[in-house]
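The sequence and structure come next.

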Amino acid sequence: MKNKIIALMLAGCIGLMYSCKKKETDTTASLDDQTKTFNDDGNRYKGESDQSNDDANSAIDAVPSFGRGVHMPSNLLSSPLCGVTIDSSMASQHILTLMFDSTTYCFSPSRIRAGKIKVQLTRGNFWGEINSQLTITYINFRVIYFVSNVAHNIVFNGVKTLDNVNGNDWLAFLAGTATLKYRERALNIQVDFESGTYHATWNSARLTQWTYNPSTVIITFSATGDTIVNGYSNVDSWGSNRYGQAFTTNYNTSIVSDTYCGVWRPNSGELVHHVNGNNYTLTLGVNPDGSPHTGTCGYGFKVSWTPAGGSPQSVVISY
């Protein structure tokens, strides 16, 4: 098992598929540019949201006076912080501020970060006990990323919460008898793209769970939506995208992936993007022909939709 396991990587694994995709292998149809951009925006939002969760976990561990609790083995600490200075002057009040230097290149994927993120324990005595809660506040948090060597940026402002549903019983987790489970809520996160040229509003509600099998040394991840919006159940995210189009994303079945194939390469799951009057169904973990995968790991995912007045369309995209 890796020395560094990201214990707080919450739900965005589906978004990471888009940053890791290689090519379309079934060209029976093509997604329109706005839909592709919306999917990529979802990737950036979810991926950086998850990374901020991991940074919060790393910062808490780096400042003992904050109080992280017990039962966290040293080989399960989160990945190191990158380009971050921790202001711990209010640690006694369970508040940390992460300040990003705007110059350091961080990798996987390559990007530079600026601005601040405030992390506060708003329920419980320490992060790690059952029902404890972190409140994470984005303060002009900017991510500069690169596509074909061209710089782009996304900026976050707003507040989200993370609830520790089961508590972090690391000894039981390693024995395979306990799971790590987290609930995320984000309402009205303001997201700007390309230095404010485009603006979106993002909301999210999801449950994520991690289990460990000591006999195979494999961690399994699962995620599902956790609310009802616009008549859809199991909704993961909703809001308004950069084109001013309302969107809702719900799960038909939970996303499931593992550390053997890579948490960004789900082996099963199905979700639906409802945007601009269209429904795009993503079936995860398929073979190159779009059928359910028959190997150990899935090849990619299939996007299916029916244009207004048209016939059903689909395309398979590799991870």
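Asp236 is buried, with a relative accessible area of 0%; buried means under 20% relative accessible area, exposed over 50%, and partly exposed in between, computed with a 1.4 Å probe and protein chains only. Asp236 forms a salt bridge with Arg206, the closest N and O atoms being 2.7 Å apart. A salt bridge here is a side-chain nitrogen of Lys or Arg within 4 Å of a carboxyl oxygen of Asp or Glu. The model is predicted: local features need pLDDT of at least 70, side-chain atom pairs count only at pLDDT 80 or more, and totals for chains, interfaces and linings use all residues. Residues are numbered from 1 along each chain as its sequence is written, and side-chain values use heavy atoms, with hydrogens and water left out.

**Salt bridges**

- Nine salt bridges are found in a search of the whole structure.
- Arg206 is buried, at a relative accessible area of 2%.
- Strands (E, at least two residues) and helices (H or I, at least four) are DSSP runs, numbered from the N terminus.
- Arg206 also meets Glu184 in a salt bridge, at 3.2 Å from N to O. Glu184 belongs to strand S6 and Arg206 to strand S7 (residues 198–213), so this pair ties together parts that are 22 residues apart in sequence.
- Both Glu184 and Arg206 are buried.
- A network of salt bridges links Lys46, Glu184, Arg206 and Asp236.
- Another salt bridge joins the side chains of Arg183 and Asp226, also at 3.2 Å from N to O. This pair links distant parts of the chain, with Arg183 in strand S6 (residues 180–193) and Asp226 in the loop between strand S8 (218–225) and strand S9 (235–240), 43 residues apart.
- Arg183 is partly exposed, with a relative accessible area of 27%, and Asp226 is partly exposed at 21%.

**Disulfides**

- The whole structure contains two disulfides, each defined as a pair of cysteine sulfur atoms within 2.5 Å.
- With the bonded cysteines of the protein chain numbered in sequence order, the pairing is 1-2, 3-4.
- Cys82 is partly exposed, with a relative accessible area of 23%, whereas Cys106 counts as buried at 3%.
- Cys261 and Cys297 form a disulfide with sulfur atoms 1.9 Å apart. Here too the pair links distant parts of the chain, with Cys261 in the loop between strand S10 (246–258) and strand S11 (268–275) and Cys297 in the loop between strand S12 (278–286) and strand S13 (300–305), 36 residues apart.
- The link of Cys261 and Cys297 is left-handed, with -85° about the S-S bond.
- Cys261 is buried, with a relative accessible area of 9%, and Cys297 is partly exposed at 26%.

**Strands S13 and S14**

- S13 and S14 pair in the antiparallel sense over six bridges; two strands pair if DSSP finds at least two bridges between them.
- Phe301 stands opposite Ile317 in S14.
- Five of the six residues of strand S14 (residues 313–318) are buried, so S14 is largely enclosed by the rest of the structure.

**A buried asparagine**

- Asn250 lies in strand S10 and is buried, with a relative accessible area of 7%.
- The side chain of Asn250 reaches the backbone oxygen of Ser233 at 3.4 Å.

**Surface patch**

- Tyr105, Phe107 and Phe146 form a nonpolar patch on the surface, with about 340 Å² of accessible area together.
- Patches are made of residues with over 30% relative accessible area and no salt bridge, with like charges joined within 9 Å and nonpolar side chains (Val, Leu, Ile, Met, Phe, Trp, Tyr) within 5 Å.
- Accessible areas come from the Shrake-Rupley method with a 1.4 Å probe; for residues, only the protein chains shown count as cover.
- Phe107 is found in the loop between strand S2 (95–106) and strand S3 (111–123), and is exposed, with a relative accessible area of 60%.

Terms used: Polar contact = N/O pair within 3.5 Å; in protein donor to acceptor, adjacent residues only side chain to side chain.
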